[in-house]
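Subject: Handing over a structure

Dear colleague,

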Amino acid sequence: MVDLGSNSVRLVVFEGRGRNPLPIFNEKAVLGLGRGLQTTGRLNETAMAQALTVMARYHAVAHAMGVGPLEVLATAAVRDAENGAAFAASLQQCLPGVPIRILEGEQEARLSAEGVLMGFPGADGILGDLGGGSLELVELNQGEVGRMASLPLGAIRLSDRAGGDVAKARGIAEAELSRFPWLSAGKDRDLYLVGGAWRALAKIHIAQTSYPLSIVHHYVLRRDEARDLCGLVIAATRRTLERIPGAPGKRIQDLPFAAVALRRLLRATGARRVVFSANGMREGWYARLLPPETLRLDPLLSAGQEMAARYGRDTAMPQALVDWTAPLWNQESPEDTALRQAACWLSDVGSHDHPDYRAEQSFLRVLRQPGIGLDHHARAFLALATALRYEPENDAPFLTTARMLLDTGAMRRAEMLGAVMRLAYTLSGGTPALLARTSLRVSGGTLTLRLAGSGVFAGDSVQRRVEALAAAYGLEGIVEVG
């Protein structure tokens, strides 16, 4: 699909129709189509000419890739401009047979909400999607879409309305937001942020704090951290902003106005923290292509299953491993159960890598995977558990990222899960049939591995791994044959 926005135009091509959208082509051109719209009432003439060229290229790329369906979604600038309809007609001549939809504000807001819910199924709070021309706001109640609004507070439009004056922009944003008292329902809840300018703020914070994972999706800031970041960006000169690590050059002039909008929105909602989402309108469009049963799937578990199908050897082994490990964690929370199950699905993703690099390759593959339902804690936990299944050195440098993101309890659980998965693969060679002839149980101070009477399980490596696993639990390890 093509997202034709007030600031940029982007072609995104998704592969397949799975629970986790997988973009295999993603190209953006920053044109500023809506720059000057507030003054002239018309789309930027230079940007329109550039857009026709860019869209012709996107059409050729999509055609060559065999994309279907292909659709253009135009947002605030095109719907509000006097010449928006005429521009859309010009585009239609460049893109014969391609639907061009000019979205109303609430349509844009709902698509954005549906995209966010793809990665945050139980989202609870207020969603803000900041574009160049408008700010879409949506109330989210534990995964359900509530009240919606579209405000003329996009970063470009706010700058134009304020004449480039940040102080004046504060008053404009506050007045606009005050028209929607329901925003106060966000008090002490989460504020979900969508949009390139706000993602740029997250990237700045990641760079400034040397945060160990450079992924904006699911990045979280406390309320006070978000306020301080906005204050820094608002007060900075253009030259200072250009020197800030992580600041994108093409968005420099819009960043102070994006920060103003965020700070006023924090005040209006009373949100306790902000959560950044890379998902938005484009993923909402994608979600509508999926059958309901696919949308209902857990994105965390689906991500593990999709990776297992892509990289593993036997798709029956992960579920067998889920069942085999269950007796060791009979009092786990639902969140811990989901992580254990996902780890079992990811347990063999390094099977085709070079033996000397399986741990590291698996770690990086899991940590940086495109799964949209994984917060940073889940990424770190699953990456660590998967890597430890391949028995790397304890002080391997690549493990540092996970250990910086996890607390002591989570690290210990990941270490135990890695150890039990390592034992399972040693016993079975990665085959469910052999694993079914073994079982684990914990009783008193003893961890017992029971083996069917067969020499295929004999060997020092089995005993050594049982002892290592038992030691991780603080238990005595016993092997029974019979």
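Helices (H or I, at least four residues) and strands (E, at least two) are DSSP runs, numbered from the N terminus. This is a predicted model, in which local features need pLDDT of at least 70 and side-chain atom pairs count only at pLDDT 80 or more, while totals for chains, interfaces and linings use all residues. Residues are numbered from 1 along each chain as its sequence is written, and side-chain values use heavy atoms, with hydrogens and water left out.

Glu139 is part of strand β7, which covers residues 135-141. Its relative accessibility is 7%, so Glu139 counts as buried (buried is under 20% relative accessible area, exposed over 50%, and partly exposed in between, with a 1.4 Å probe and protein chains only). Contact here means heavy atoms within 4.5 Å, and, once neighbours within four places in sequence are set aside, the contacts of Glu139 include Gly125, Ile126, Trp182, Ala185 and Arg189.

Val2, in turn, belongs to strand β1, and because its relative accessibility is 4%, Val2 also counts as buried.

Helix α4

In helix α4 (residues 84-94), the buried residues are Gly84, Phe87, Ala88 and Leu91. Seen down the axis of α4, these fall within an arc of 100 degrees, so they line one face of the helix; the arc is that of the directions from the helix axis to the C-beta atoms. The face of α4 turned away from this buried side carries Ala85 and Gln93, which are exposed. Among the elements that cover the buried residues of α4 are β1 (2-4), α2 (45-65), α3 (76-80) and β5 (100-102).

Where α16 meets α20

The axes of helix α16 (residues 334-346) and helix α20 (residues 408-428) come within 11 Å and cross at roughly 40 degrees. Axes are lines fitted to C-alpha atoms, for helices over the stretch in contact, and angles run from 0 to 180 degrees between N-to-C directions. The two helices, α16 and α20, are therefore oblique to each other, given that angles under 35 degrees count as roughly parallel, over 145 as roughly antiparallel, 65 to 115 as roughly perpendicular and the rest as oblique. On the side of α16 the contact is made by Asp336, Thr337, Arg340, Ala343 and Cys344, and on the side of α20 by Arg413, Leu417 and Met421.

Backbone points to check

Most residues other than glycine have a negative phi, and most peptide bonds are trans. The peptide bond from Gly68 to Pro69 is cis, with omega near 0 degrees, and Pro69 lies in the loop between α2 and β4 (72-74). Gln142, in the loop between β7 and β8 (144-151), has a positive phi, near 50 degrees, and with a relative accessibility of 66% Gln142 counts as exposed. Glu391 likewise has a positive phi, of about 60 degrees, although it is not a glycine; Glu391 sits in the loop between α18 (376-388) and α19 (400-405), and at 44% relative accessibility Glu391 counts as partly exposed.
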